[in-house]
Amino acid sequence: MELTKELEEAIVAPGPQGFHPPSAAELGVLTPEAGYGLKFGHVVAEELAMEAMARTMLTRKNATIFPGPLVLWNWNDHAADKAKAVLELAAQLPDVLVIPMPDYRPKYPKVEPEEVINPNHPNLTIWGNKIEACIFIGVHCHYANLTLKMIRAGTNCWTSAICAEQGHEDAMFTVRDSDATKIRRVAAVFKRVREEMGIKLPENGNNVRFTGLQSKVHGGKTHTNPLDFSIESPVDGNAAAFGHKAEHMQKEA
């Protein structure tokens, strides 16, 4: 009953909302002040936004984490620590998918929806994997808002955004100022909500589910333990080849 009332009052509501819905900013939604988050376009205490993310990711089909370049590229200690925190978050979600957004260039002639999500046509990955809940993390703000609006326009996916800057008004749920410490706090809230709901993790820790393509790459394995992944020390190269510098990535800009 409470959720039904919230959806009736939602400003940023689940889609599909049609070809060209208004942006959240056009609807009067502003990013929250420090210590607060957004829930369906309404300002709420930060922890309430985190709890809403958790319940959505724990109950809707094919929940997926979409990590972006800011946590995928291992260019400094800050990025590496945030990447570890994202894996700790994934460890609290049984059967979660992890599909990366490694860069923002259009993927033509087609997107491989089991390999990546791309901000220019995110609906293809959402549709292809039947994703009904997702979290964006480590995606530059302007690309995240573009992608979140397109997902709301054409799919029924409920979106969350964990942002290093001011939050994302076009997500259904968002928190701001998210460094590694904040991401670990989100993971702790997810753990509490999951336990309150009586949802258990697999005993072997293999709770991240591979897509079909990911399974093929990993020799037929269907699941993996996100905490088994190691992150090497940051080295020059990789992102530098695309003109990025470590100091540019300390925060989203």
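Me: What covers the buried residues of α5?

Reply: The cover includes strand β3 (64-67) and helix α6 (141-154). This is a predicted model, and contact here means heavy atoms within 4.5 Å.

Me: Which residues of helix α5 are called buried?

Reply: In α5, which spans residues 122-129, they are Pro122, Asn123, Thr125, Ile126 and Asn129. They are called buried because each has under 20% relative accessible area.

Me: What makes these residues lie on the same side of α5?

Reply: Around the axis they cover an arc of only 165°, so they share one side of α5.

Me: What follows α5?

Reply: Lys130 comes after α5, and its phi is positive, near 55°.

Me: How do you know whether Cys134 is buried or exposed?

Reply: Its relative accessible area is 0%. The limit for buried is under 20%, so Cys134 counts as buried.

Me: And Cys163, buried or exposed?

Reply: Cys163 has a relative accessible area of 0%.

Me: How much space lies in the second largest pocket?

Reply: About 400 Å³.

Me: Which residues lie nearest the centre of the second largest pocket?

Reply: Of the 17 residues in its lining, Leu3, Glu6, Lys39, Phe40 and Ala52 are nearest the centre. Elements that supply two or more lining residues are α1 (2-8), β2 (42-45) and α2 (46-59).

Me: Which element gives the most to the lining of the second largest pocket?

Reply: Helix α2 does, with six residues.

Me: How do the residues of that lining divide into nonpolar, polar and charged?

Reply: Seven are nonpolar, three are polar and seven are charged. Among those nearest the centre, Glu6 and Lys39 count as charged because Glu and Lys are in that class. Leu3, Phe40 and Ala52 count as nonpolar by the same rule.

Me: What share of the protein do buried residues make up?

Reply: They make up 50% of its 253 residues. The protein has eight helices and nine strands.

Me: Which share of contacts between residues at least 6 apart in sequence join residues at least 24 apart?

Reply: The share is 71%.

Conventions. Residues numbered from 1 in each chain as written. Predicted model: local features only at pLDDT ≥ 70, side-chain atom pairs only at ≥ 80, totals over all residues. Heavy atoms only, no water. 1 Å grid on protein atoms, 1.4 Å probe; cavity = no way out; pocket = protein on both sides within 12 Å on 5 of 7 lines; lining within 4 Å. Points joined across faces, edges and corners; volume = space filled by probe spheres on them. Helix = DSSP H or I, 4+ residues; strand = E, 2+ residues; numbered from the N terminus. Buried < 20%, exposed > 50% of the residue type's maximum accessible area, 1.4 Å probe, protein only. Arc of directions from axis to C-beta.
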